[in-house]
Amino acid sequence: MNKVIDLKGSILSLTVLKLFSNDIEQTKEALEAKVSQAPDFFVGIPVVLEPEVDNLDPTFLALLVELLHQKQMIPIGIRTQDEAIKEQANYAGLAVFTEEVKSKKRPKEKKEQGGAEEQTGLKTAMVVNHAVRSGQQIYAKDRDLIVMGSVNPGAEIIADGNVHVYGTIRGKVFAGSQGEISARIFAQKIDAELVCIAGLYQLSEDILPEYKTGFVEVALMNEQLNFKLL
């Protein structure tokens, strides 16, 4: 008999929505404001909810899940130790995660017989020798990405590894797009619409002005994007 289905373990990049208020109207207003800044980015992304408050109203999660669906986001679960919130999650059709969802790290090289090295990590970098135009998307699968020019507004550059831009990033930039938490972004200047590493992102308004003025490195540290002038 031919195989009908198959189940395999997988590690995915998930967006975590932390909740710091138990006021549903306040939460909905803040979420709508955030999504409106980059609506296309949020379409279809899987979301894990993480309440940082107690005493949620019994209808809180159901109302929030409804709003996320309206925004074309996909709520898949919740991360909490609160039994009352877990019960809400069950009624809202959410999975309950009790541990941190692990991100992937770049595989190390392993040795074959005779001392030869087998490359199991990322491939040689993709090099783009020109500016990336508005509406253009470039994806470096299983490798780093090097852009010799600027990235214009409305453009997207994506790499499973690191991203190097020898110009100004004004569009969207994604490094570690398959969950590589050690990926970094280097740019002559970052004035980006969105910056993302391994699924964790910041929008333009959340990037401090001092990091938009010179050569900068962005890395993922303690579940936050860390910006550093070089």
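**Salt bridges, a helix and a surface patch**

Lys 172 and Glu 193 are joined through their side chains by a salt bridge, at 3.5 Å from N to O; the term denotes a side-chain nitrogen of Lys or Arg within 4 Å of a carboxyl oxygen of Asp or Glu. Lys 172 belongs to strand β12 (residues 172-175) and Glu 193 to the loop between β13 (185-190) and β14 (194-197), so the pair ties together parts that are 21 residues apart in sequence. Helices (H or I, at least four residues) and strands (E, at least two) are DSSP runs, numbered from the N terminus. The model is predicted: local features need pLDDT of at least 70 and side-chain atom pairs pLDDT 80 or more, while totals for chains, interfaces and linings use all residues. Residues are numbered from 1 along each chain as its sequence is written, and side-chain values use heavy atoms, with hydrogens and water left out.

Lys 172 is buried, at a relative accessible area of 14%, whereas Glu 193 is partly exposed at 29%; buried means under 20% relative accessible area, exposed over 50%, and partly exposed in between (1.4 Å probe, protein chains only).

A second pair involves the loop between β13 and β14. Asp 191 and Lys 212 meet in a salt bridge of 3.8 Å, N to O. Asp 191 lies in that loop and Lys 212 in the loop between β15 (200-203) and β16 (216-221), so this pair also connects parts 21 residues apart in sequence. Asp 191 is partly exposed, with a relative accessible area of 34%, while Lys 212 is buried at 18%. Elsewhere, salt bridges with shared partners link Lys 18, Glu 50, Glu 52 and Arg 79 into one network.

Glu 50 is in strand β2 (residues 46-51) and Arg 79 in strand β3 (residues 74-79), so the contact ties together parts 29 residues apart in sequence. Glu 50 counts as buried at 9% relative accessibility, and Arg 79 counts as buried at 9%. The chain has 10 salt bridges by this rule.

The chain contains 4 helices and 17 strands, and 40% of its 230 residues count as buried. One of the helices, α1 (residues 24-37), has buried residues Ile 24, Thr 27, Leu 31 and Val 35. These residues lie on the same side of α1 because they cover an arc of only 60° around the axis, the arc being that of the directions from the helix axis to the C-beta atoms. An α-helix has 3.6 residues a turn, so residues three or four places apart point the same way. The face of α1 turned away from the buried side carries the exposed residues Glu 25, Glu 29 and Ser 36. The cover over the buried residues of α1 includes β1 (15-19), α2 (39-42) and α3 (60-70).

Note on methods
Contact = heavy atoms within 4.5 Å.
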